[in-house]
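Let's walk through this structure together, beginning with the ligand and moving on to the cores and the backbone. Keep the 3D view open as you read.

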Amino acid sequence: MPGAISARQISAGYGQEPVLKEISFSVNTGECFIVIGPNGSGKTTLMKILAGLHRADKGSVLIDGRAIGSYGRRELARKMAFVPQQVPMDFPFRVRDVVLFGRSPHLGTFGIESGRDADLAARAMEFTEIDHLAQRRIDQLSGGERQRVFIARAICQEPEVMLLDEPTAALDIAHQLRVMDLMEKMKFEKSITVVMVSHDVNLAAMYADTLLLINRGRMVQSGAPEAVLTYKTLEEAYGCPLLVDQSPLGSVPRVTPVPGRYIREDLKGIVR
Ligand code: ADP
C-alpha cells in the first residue's frame, strides 16, 4: 500500500551553519512516527523538508521510493497533506470553505467542486467533529476548533501521508487527546501514514509506533518509545532533571520533569 516516506542523510539549513545533520529514517505505510527534541533542534525545519517546502542541502526525501523533487505540486498535494504550526488565515472564511480548499489538488481545470467534493468535506467535518461549526467564521473559533478545521482540510485532501507540526501545541489536555485519537483513527481506519512533531514526550510515547529524538540537528535515537525515552537519552538531549518510569497505562514509558526542590541524594542516578 502506498504512503511510505523516508529521509536519507538529510543535511539542511538556512545559509551558514547547517540546522540538520545527516538525518535518516523510514516510515512505513500506516505508521505513526513522532519527532521530538528540544526547542531549536530542527524539528520544524525537518517537517518543511518532508513537506517539500524547504530544500535540503544534502540527502533526499523519498515518497513511495520516489524523490520528492520528482513530484509535481498537485501530484504531491494529492499524496501528502501538511498541517503547519500556524496557518495564516487573514480572511474571514467559513469553516466549510476552508475544509473544501483541501480538494483543490483534485479539482479540474476550472476548479469546480463536484458533489463528491462537497460530500468529502462533510465527511471530514464529521470525522473531526466540527460539522456544527460549518457555517462559522474561521477567525472566530478557539485554538482547538481551528486546529480540527485544519486537520479536516488535510483529511479532505485524501492524502496517503499526513504531516503535522505540533498539532497539540496550545491545546488543553482534552483537546490534545482528541487530536491524537483522531490521528490514531486515521491510521487504523484509513491506513494514513502520520508523521508529526510533538513537544510533549508523554503524549508522543502513548501514540507513536516509532519516535525520533533529535538534538542540535542530529539524530540522538530512533525506535520504539521504550527504546528512545530512556533517562540517558533524555537527560543528554534536554539537560534537565527528570525521572523515567512506566506509565500506569502499560508498557509505555512515563517521563516526569523534576522540580529543583525534589532533587535528593537518594535519587541520584535517576534524577540529575
Ligand atoms: P524546532 O522546530 O526544533 O524548534 P526549528 O527547525 O524551528 O527548530 O529551528 C532550528 C534552527 O533553525 C533554530 O536555530 C532556528 O533559529 C533556525 N531557523 C529556523 N527557521 C529559520 C529561518 N527561516 N531562517 C534562519 N534560521 C532559521
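A polar contact here is a pair of N or O atoms within 3.5 Å; within protein, one must be able to donate a hydrogen and the other to accept it, and residues adjacent in sequence count only if both atoms are side-chain atoms. With that in hand, look at K43: an N or O atom in its side chain is 2.8 Å from an oxygen atom of the ligand. The backbone takes part as well, with an N or O atom of G40 lying 2.7 Å from a ligand oxygen and one of T44 lying 2.9 Å from a ligand oxygen. On its own the ligand exposes 560 Å², and the protein buries 54% of that (areas by the Shrake-Rupley method with a 1.4 Å probe; for residues, only the protein chains shown count as cover).

Before going further, please note that this is a predicted model: local features need pLDDT of at least 70, side-chain atom pairs count only at pLDDT 80 or more, and totals for chains, interfaces and linings use all residues. Residues are numbered from 1 along each chain as its sequence is written, and side-chain values use heavy atoms, with hydrogens and water left out.

Which residues surround the ligand? They are Y14, V19, P38, N39, G40, S41, G42, K43, T44 and T45, each with a heavy atom within 4 Å of the ligand. Helix α1 (residues 43-50) supplies the largest share of this shell, 3 residues; helices (H or I, at least four residues) and strands (E, at least two) are DSSP runs, numbered from the N terminus.

Now turn to the interior. A nonpolar core is a set of buried Ala, Val, Leu, Ile, Met, Phe, Trp, Tyr and Cys residues joined through side-chain atoms within 4.5 Å; buried means under 20% relative accessible area, exposed over 50%, and partly exposed in between (1.4 Å probe, protein chains only). The largest such core has 54 residues, and I34, V99, M162 and L229 have the most contacts inside it. Helix α5 (residues 143-156) gives the most to this core, with 7 residues. A second, separate core holds 27 residues, including I5, I10, L46 and L50.

Q9 sits in strand β1 (residues 5-13) and counts as partly exposed because its relative accessibility is 45%. E166 lies in the loop between β7 (161-165) and α6 (173-190), and its 13% relative accessibility is why E166 counts as buried.
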